[in-house]
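Welcome! Here is a short briefing on charged pairs and nonpolar cores, meant for a first look.

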Amino acid sequence: MNSKLMFKTLSLLLSAVLVWGCVADIVPATGDRRYLGFTWQQETEIGKQASKEVEALFGIYRDPKVERYVTEVGNRVLATSHLRRPGIDEQIRKTPITFGVLDSPIINAMALPGGYIYVTRGMLAHLNNEDQLATVLAHEIGHVAARHAARQAWQQQLGQGLLLGGAILSQGLGLPAQDILNLGNMAAQLIFLRYSREDELEADKLGVEYSSAAGYDPREVIPFFQTLGRIQEKEGQGMPSFLATHPNPGDRIQRIRELTAGQPRHERPLADSRYLNAIEGLVLGEDPRQGFVEGNVFYHPDLRLRFPVPRGFKVINQPTQVVMVEGQNRAVLGFASAREKSLEAAVARFLKQPGLRVIERESMRSKGLPAFVTVADAQMQSGQVVRIMAYFVEYRGTVYHFVGYTAPQTFNVFRNVFLQTMQGFGEVQDPRILNRQPIRIALESVTRKAPFRDWIPRNLPAPLTPEDVAILNQVEINQEIGPGRILKVPAAR
Ligand SMILES: [Zn+2]
């Protein structure tokens, strides 16, 4: 959760804009007129809406140095792309393309339609030089220029039905899991959209073309693809990643070799050090400042709060909410801040929601904090009735709320489970928790020839292993490293 908790705004999608139909429109990357699911204007509208959802889901990594650098490299490649070439539709040429860094440790890059391009900080941590970043961004620009999302929408009927479905769902009660279910809608469809193999090949071709034209060497990306294979062997990363949404790295290496055959090697002055200097200090892995679970307790150091996590519940920590889901998906418990400033106002708004039948309600004090609990039946959009327990507590000038829900017949199983977490909410005073800092990337210049393992810090911060550090640097543990090279080493403060 961000320390600046935003209440998730209901995303009313642009049903009026999304009139389903076929549109014959220009594809900038080929100049062809093709049947597409959306016009360019619709694409940019959808992209804008989806970008808000993506940013709410992952959070933006706010570091001006990193953001500026990614935008600068992105713009250099963009300038050589079809989106900016003379003769291209003025409307497309004038569309601003946004480059952003998502605050997520997973390794991914994505392009939303209409020109929203993201890389995760996990991706940035695993890249090693500017040529690699440029080639990754160029591939994503390729998806936009070839209008793959719109083509996909046309081919798969991914579009109106789905998007409207999302709009209907999100007008609901604001129950936490609904937001997760909502991930079945637009943002998820777009983030985890698997383009066809043909589209990926085309994006690689365009990516190689754009990054070469901008003076980069796309072959530099090959060692990164090689390390992706090693990452694949590690434990699952929770969310669908670059590997899940892109073709096999081995095939892409082959493809890039073919596409660059005969191309002269570029001089790459400073390409490595410039990149590494830009990402020095980058957060590596999970960021405990945004909340973490330790010993079955969720802690948020910046908000100075804690609550116990029910045994057997999986925790999904998003920028706007924390969602806990029971192992068999029989119950969901969400936690967020209310937008109201007072307990009374937050409770009043909650109780006013249509479709809610209140069974119990009670004001109380818990650990000295003013609180309110209610049990109610609520009708979901699907028509299904769920029994919910909602709990509001005022703490340090903010109203927080928990909403737990399950089927009416299993409510008694979870009643005390919900209550224990809700009433376990309280202040954190332990400085060990309050001062917890993320692991960050530090740089180290190699001064002598030695195997890589010699450069791995002896006391690696948990949960990092020597293999992780080798992967981070795109080397093998026993590989000889010579002077002049700069290495990324994890540093705990
Ligand atoms: Zn792709």
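Predicted model: local features only at pLDDT ≥ 70, side-chain atom pairs only at ≥ 80, totals over all residues.

Residues are numbered from 1 along each chain as its sequence is written, and side-chain values use heavy atoms, leaving out hydrogens and water.

**Salt bridges**

- Side chains of opposite charge can pair when their charged atoms come close.
- Searching the whole structure gives 25 salt bridges, each being a side-chain nitrogen of Lys or Arg within 4 Å of a carboxyl oxygen of Asp or Glu.
- E90 pairs with R93 in one of them, at 3.4 Å from N to O.
- Both E90 and R93 belong to helix 3 (residues 90–93), where they sit three residues apart, about one turn of the helix; helices here are DSSP runs of H or I with at least four residues, numbered from the N terminus.
- R93 is also partly exposed, with a relative accessible area of 30%.
- R76 and E72 form another salt bridge through their side chains, at 3.1 Å from N to O.
- Because R76 and E72 are four residues apart in helix 2 (residues 64–78), about one helical turn separates them.
- R76 is partly exposed at 32% relative accessibility, and E72 is partly exposed at 41%.
- A network of salt bridges links E72 and R76 with E130 and R274.

**A buried pair**

- The side chains of D217 and R219 meet in a salt bridge of 3.1 Å, N to O.
- D217 is buried, at 0% relative accessibility, and R219 counts as buried too, at 15%.

**Nonpolar cores**

- The largest nonpolar core has 56 residues; such a core is a set of buried Ala, Val, Leu, Ile, Met, Phe, Trp, Tyr and Cys residues joined through side-chain atoms within 4.5 Å.
- Helix 5 (residues 130–145) gives this core its largest share, eight residues.
- V70, L83, V119, L124 and L133 have the most contacts inside the largest core.
- Leaving aside residues up to four places away in sequence, L124 touches V66, V70, V101, V119, L133, Y275, I279 and L282, a contact being heavy atoms within 4.5 Å.
- A second, separate core has 28 residues, among them V322, Y400, F402 and F414.

Note on methods: Helix = DSSP H or I, 4+ residues; strand = E, 2+ residues; numbered from the N terminus. Buried < 20%, exposed > 50% of the residue type's maximum accessible area, 1.4 Å probe, protein only.
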